[in-house]
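Open the structure in your viewer and get ready to select residues by number. This tour goes stop by stop.

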Amino acid sequence: MNRMKKCEIMPNGFVYNVLIGGLCKEKRVDDAKKLFDEMLRRNVFPNRVTYNTLIDGYCKTGDLEGAFDLREKMKNGSVEPNIVTYNTLLGGLCKMGRMEEANRILEEMAFYGFVPDGFTYSILLDGHSRCGNVEASVALYEDAMKKGVSLNEYTCSILMNGLCKEGKMDRAKEFLTKLREHKVVLTEVLLNTMVNGYCKVGNVDKALLVIEEMENEGMKPSCITYNTIISHFCALGQMDDANESVRKMKTKGLCPNVQTYNILIDGYGRSSQFEKCLQILDEMENNGLKPNVVTYGAMVNTFCKKGRIVEAKVIFEDMLNRSVLPNAQIYNMLIDGNCTRGNIKDAFAVFDEMLRSRISPTIVTYNSLVNGLSKKGRVAEAEELAFSITSKGLSADVITYNCLISGFSRLGNVEKCVELYEKMKASGINPTLNTYHPLISACKKDKIDLVEKILEDMSRLNLTPDRVVYNELIQSFVWHGDIRKANVLCSEMSNLGILPDKMTYNSLITGCLKEGNLHGAKDLFDDMIAKEVGPNDGTFNTLIEGHCKVKDFDGASVWYREMLKIGFLPSVSVCNELVSGLRDEGRVKEAEIICSEMSMKGVCETSHEDLLASPVK
């Protein structure tokens, strides 16, 4: 172009179109627009190809406003749009999920006399599929059939995939029937999509029937077909069925491929059959197949998840010896595995190796390390690491903040938890339930006003508390003596279908006893038993202590005996409180029996001599 200008040769519209097209393909749309503007300055009038090319460039880079501005210039320049113009604009809108605007463009097309073609329908089907609007996709397909527009295999597969993804397998079956009626040649892609759909909804029998249909219609199922079935069985832990599918696959003349073996290794790993994983690896190699990064990833993940870090490291070393380069995900598995086991030093050793191998750490890498440090109580180091990642081009996410808040919560540092919570919101990161679990836990004893504010924040975010949050809230309000609020929360929890557990009941029993409502506490205990929520030692300790507080040592003794009958032992403090109470009432013999029983079990700290020597009040 520059050489032409030096030779004073004026580029024509064709040359500009070629250059604009090349720049748009490289996504250099701004440079393409400069050439377009130059055309106008030189009175080289853009034609329909020029406009369509540049509109396409804008759409592919997501600049729909630029695309529509250019369309207006096209109109003002008296250049008529064609079906390509409209399809390009529709493509841009559909990729962004802006279906209402896409429908308006469709109406405009009709107004100017343009009839949608197969490409138009394909674009719209893809858009509705992206938005999860399967019914709109079906309606479009039917409209295309009525108008005699033939749709290609790709377009049909979009609709079939949408139906199967939504689990609407009856509709998918109907669609398959319609395709047959319209003489559409069924392909392996369409039928494999059906197989996958049936497996996703757990109907493997129908998936196998589809395979039979394929064979009846002269199609040969591929590795992809059988891998879908095998993957389904492996996900359910049905490894015998998975192996039977491999056997059938072989009888059909199909050799398992690398993906087949990867699926089996992952399946055996999930069911902790580690020897089988290694056998599959050997079989794979004996059949001339080379394990890839996915194979090793499945094995490293299997061993790390089960805490077998030594074996994971051996697999990792084997991977390196075979010149299979690990990716960030595999390094992340090893780092997380070590952090989960509390091996922070080893985790950082893997991290250093990752850096030496020039593999860029991801936010997942840093979150694992931050979590590992936080769990070890090394929260200052965790925080420093978390906010150093900005220099690496990464930003702390909700998981980063949740790990830090959990760490400071475990140390009882309420102020730091709140500071991080506010910083998180200020950064535009929405808290999750996992944010609120440790936050409420930290605040519940001393900051009831803050707990109520947190509850309001959750409501504003449309976050429904789960059982953990409800239990923390109920416990908090009980501790602060607001038993009415605790009961309201329990009712709210039940109305949402969240059943109370041991912690819920123990908190509510504590609330009743705080108010001196012994009958209410007994009713809650009976309800626990009726609903098969087994009491724990905390339940009985609470009941014994509650009765002791109101000097009802008869009731306390009854709960003590009930506790022993079930197989629990009272805590040292509760045992001493009951013994002291009985002694103070002059019931020395009963106190001595309890003290003797508990001394034998290593619970009660009061000796026989101390008991008898103590004056009766």
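Predicted model: local features only at pLDDT ≥ 70, side-chain atom pairs only at ≥ 80, totals over all residues.

**Stop 1: α6 and α8**

Select residues 83-95, which form helix α6, and residues 118-130, which form helix α8. Their axes come within 9 Å. The crossing angle is roughly 10°. Angles under 35 degrees count as roughly parallel, so α6 and α8 are roughly parallel to each other.

Now show the side chains where they meet. On α6, pick Ile-83, Asn-87, Leu-90, Gly-91, Cys-94 and Lys-95. On α8, pick Phe-119, Thr-120, Ile-123, Leu-124, Gly-127 and Arg-130. Colour this contact by class: it holds 6 nonpolar, 4 polar and 2 charged residues.

**Stop 2: α21 and α22**

Move to helix α21, residues 344-356, and helix α22, residues 363-375. Here the axes come within 10 Å and cross at roughly 160°. How do the two helices run, parallel or antiparallel? Angles over 145 degrees count as roughly antiparallel, so α21 is roughly antiparallel to α22. Look along the crossing: α21 passes α22 in a left-handed one.

Next, bring up the residues in contact. From α21 come Ile-344, Ala-347, Phe-348, Phe-351 and Met-354. They meet Thr-365, Tyr-366, Leu-369, Gly-372 and Leu-373 of α22. By class, this contact of α21 with α22 has 8 nonpolar residues, 2 polar ones and no charged ones.

**Stop 3: α26**

Select residues 433-443, helix α26. How many of its 11 residues are buried? The count is 8, and the helix is mostly covered. Highlight the buried set: Thr-435, Tyr-436, His-437, Pro-438, Leu-439, Ile-440, Ala-442 and Cys-443.

Now show what lies over them. The cover includes α24 (398-410) and α25 (414-426). It also includes α27 (448-460) and α28 (467-479).

**Stop 4: Asn-430**

Step back to the loop between α25 and α26, where Asn-430 sits. Is Asn-430 buried or exposed? Its relative accessibility is 53%. Exposed means over 50%, so Asn-430 counts as exposed.

Which residues does Asn-430 touch, leaving out those up to four places away in sequence? Select Val-398, Met-424 and Leu-461. Draw a line from Asn-430 to Val-398, C-alpha to C-alpha: the distance is 7.2 Å. In sequence, Asn-430 and Val-398 are 32 residues apart.

**Stop 5: Ile-224**

Go to helix α14, residues 223-235, and pick Ile-224. Ile-224 is exposed, with a relative accessible area of 51%. The C-alpha atoms of Ile-224 and Cys-490 are 50 Å apart in space. Along the sequence, Ile-224 and Cys-490 are 266 residues apart.

**Stop 6: two cysteines**

How many disulfides are there? The count comes to 0, taking a disulfide as a pair of cysteine sulfur atoms within 2.5 Å.

Select Cys-156 and Cys-164. Cys-156 is in no disulfide. Its nearest cysteine sulfur, that of Cys-164, is 13 Å away. Cys-156 is buried, at a relative accessible area of 2%.

Finish with Cys-548 and Cys-575. Cys-548 is in no disulfide either. The nearest cysteine sulfur to it belongs to Cys-575, 9.9 Å away. With 4% relative accessibility, Cys-548 counts as buried.

Conventions: Residues numbered from 1 in each chain as written. Heavy atoms only, no water. Buried < 20%, exposed > 50% of the residue type's maximum accessible area, 1.4 Å probe, protein only. Helix = DSSP H or I, 4+ residues; strand = E, 2+ residues; numbered from the N terminus. Contact = heavy atoms within 4.5 Å. Axes fitted to C-alpha atoms, helices over the stretch in contact; angles between N-to-C directions. Parallel < 35°, antiparallel > 145°, perpendicular 65-115°, else oblique. Left-handed = near helix turned anticlockwise from the far one by under 90°. Nonpolar A, V, L, I, M, F, W, Y, C, P; charged D, E, K, R; others polar.
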